[in-house]
Amino acid sequence: MRRWICGLLCVLLVVALAVGAGAAEGSGEAVSAGTITQYEARWVVDDRGSASVTVTLELNLTATVTEIDFPIGQGRSGSLSGYETKTADTEDGRALRLTSEAGLTGQQHFTLTYSLDGVLTATDAGQQLAFDVIPPGWGFPMESVSFSVTMPAAFTGEPTFTGGYYGDMVGDYLTVVHDGAAFSGTFTEALRDHDSLSVSLALPADYVDLRSAAGISSLVTLILVAVLAGLCLFYWYRTLRNPQLAVRLRPMPPDGAGAGDLPMLLTGAPPSLALQVMQWASLGYLAIHIGRNGRIVLRKAMDMGTERRKPERAAFARLFEREDWCDGESLRFGRLAGWYAAAMGAWWRRRLFSRTSGSPSLLHLGAALASGVAMLGAASSGLPAGRLRGLLLVLCGIAGAVLGLVLQHAVPAAARRQYRKALLLAIPLVVLLVAARLWGGLLPTVLALALQLFAAAATLRGGRRSPGGRDNLAQTLGFRRYVQHVSAHQLRLFLRDDGQYLYDLFPFAEAMGLGGELASRLPDVQLEPCAWLESRRHPPQTAAGFHAALRETLDRMERATRRE
């Protein structure tokens, strides 16, 4: 009996000891697989509100580990020198995860780098520095810990620290040194695993001309502009591109086209009633009379029949529906010129362009959007922080898009040889480049500007043309080439056969911006009076004199259109 009792007591004693040991093990702290013997962090804060850090640490591993997390908080662009890592999300934030199948053990040296945005921000009271000097999540205790923070400018305040374990009392275990634009600290006590340290510092509103991180980064800007440029090029290639034309010299205007149509056929400008009136006059439908007071009067000479196009007949009928004469500078003429441009433009578009053609306006808007994104990116990098920063960013983006559209109009102006107008319209090019140079983001801006010029040049004559439209363009270019290269000798021969030849050619030449060049080839030739341009002052008798009178008449008639 006693033996049974003794045996039972021995069993109970063994069980009690086992349970006690298990309880002690369960209530005790987990044993770490190593210790960080030295931790040193060097922070550099810039005036864009970002900071970069380099952390060097010595890690003594007492056991073999196959995975180590290096916390970076909310950092970005992290790397571990000499090792390949993956970014992982943990309970404490992001971490660079190092995985080794063979395992790591013993004394290890690591260099960790990453960046952190938004550490220096604008507040209602001024500016505020706040970030984790030691981010939470380190799975090892730290024996020796030090850090340094270099600010973008000198300051006078004192930073406030908060510890993960010590809280506001962490200052009792921390030695801090402030030196002008930097401060540093060293812990006098070891830190336990998963400890952390955050710092905050109140600064005056004028501490630095703070460049806030709000907006879009330069890399994102470049990517967005490149994507928009690629989409625009793809859209042009698939829906707007025309095959290469075979252009041959042609001494006659394109079939079915008048002088007023050439601005549209060559550069997409609206058809001009003033130029068309010049051609009507050369054909004998009317005469242009300039009185002693310089007033321009159009006098009807004969009716226009079905030999002319329907919009022409309608415009001619409206021109002389009240009397057999019309004031060429009146508001009524200006209104009729606007109607004619719309009617004749629609007439040509139906005949020139393919029904499957894309919209040039869509390409122009896509290019302008790229310009707006480029300006937004530059402003994001260069505008100081403040309450109005968000509004200013939006306005800069809109301004960039508008400037891009304005710049696109410089290309057709240059093609029409309106060089002064083209220079004025090219001012956005300088504005955008200067803004990008001062604020940053030069490469996206240059790419966006190149896209504006391409969109304007690629759609100078509209979208994708039908076969008939391509033939018409080839004839127009051939005729322009003829006017550009016709020699003085050829002109003299034509004038010998027809004394009015030069007068009939001038409206077409002026429509293509070649009137001055044409007149310069016959500087000394005496011309017979023009049959359709009557002047009571001093009728021109030379090519240069006639061109000057023609140009002045056109300018005054076109001013009536602009007044409307």
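Visitor: Which residues meet where α7 packs on α12?

Guide: This is a predicted model. From α7, Leu 363, His 364, Ala 367, Ala 368, Ala 370, Ser 371 and Ala 374 make the contact. From α12, the partners are Pro 444, Thr 445, Ala 448, Leu 451, Gln 452, Ala 455 and Ala 456.

Visitor: How many of those are nonpolar, polar or charged?

Guide: The contact of α7 with α12 has 10 nonpolar residues, 4 polar and no charged.

Visitor: What's the angle between the two helices, and how far apart are the axes?

Guide: About 165 degrees, with the axes 9 Å apart. Here α7 covers residues 360–382 and α12 covers 442–458. The angle is over 145 degrees, so α7 runs roughly antiparallel to α12.

Visitor: Left-handed or right-handed crossing?

Guide: Left-handed, as α7 passes α12.

Visitor: New topic. How many cavities of 30 Å³ or more in the whole structure?

Guide: The search finds 1. The largest cavity holds about 40 Å³ of space.

Visitor: What lines the largest cavity?

Guide: Ser 371, Ala 374, Met 375, Ala 378, Leu 432, Ala 435, Ala 436 and Thr 445. Ser 371 and Ala 374 of α7, and Thr 445 of α12, are also in the helix contact.

Visitor: Which helix gives the largest share of that lining?

Guide: α7, with 4 residues. Both α7 and α11, residues 427–439, supply at least two residues each.

Visitor: And how does the lining of the largest cavity divide: nonpolar, polar, charged?

Guide: It has 6 nonpolar residues, 2 polar and no charged.

Methods: Residues are numbered from 1 along each chain as its sequence is written. This is a predicted model: local features need pLDDT of at least 70, side-chain atom pairs count only at pLDDT 80 or more; totals for chains, interfaces and linings use all residues. Side-chain values use heavy atoms; hydrogens and water are left out. Axes are lines fitted to C-alpha atoms, for helices over the stretch in contact, and angles run from 0 to 180 degrees between N-to-C directions. Angles under 35 degrees count as roughly parallel, over 145 as roughly antiparallel, 65 to 115 as roughly perpendicular and the rest as oblique. A crossing is left-handed if the near helix is turned anticlockwise from the far one by less than a right angle, and right-handed if clockwise. Contact means heavy atoms within 4.5 Å. Ala, Val, Leu, Ile, Met, Phe, Trp, Tyr, Cys and Pro count as nonpolar, Asp, Glu, Lys and Arg as charged, and the others, Gly among them, as polar. On a 1 Å grid over the protein atoms alone, a cavity is a set of points where a 1.4 Å probe fits but cannot get out, and a pocket is an open set with protein on both sides within 12 Å along at least five of seven lines; lining residues have an atom within 4 Å of a point. Grid points are joined across faces, edges and corners, and a volume is the space filled by probe spheres set on the points.
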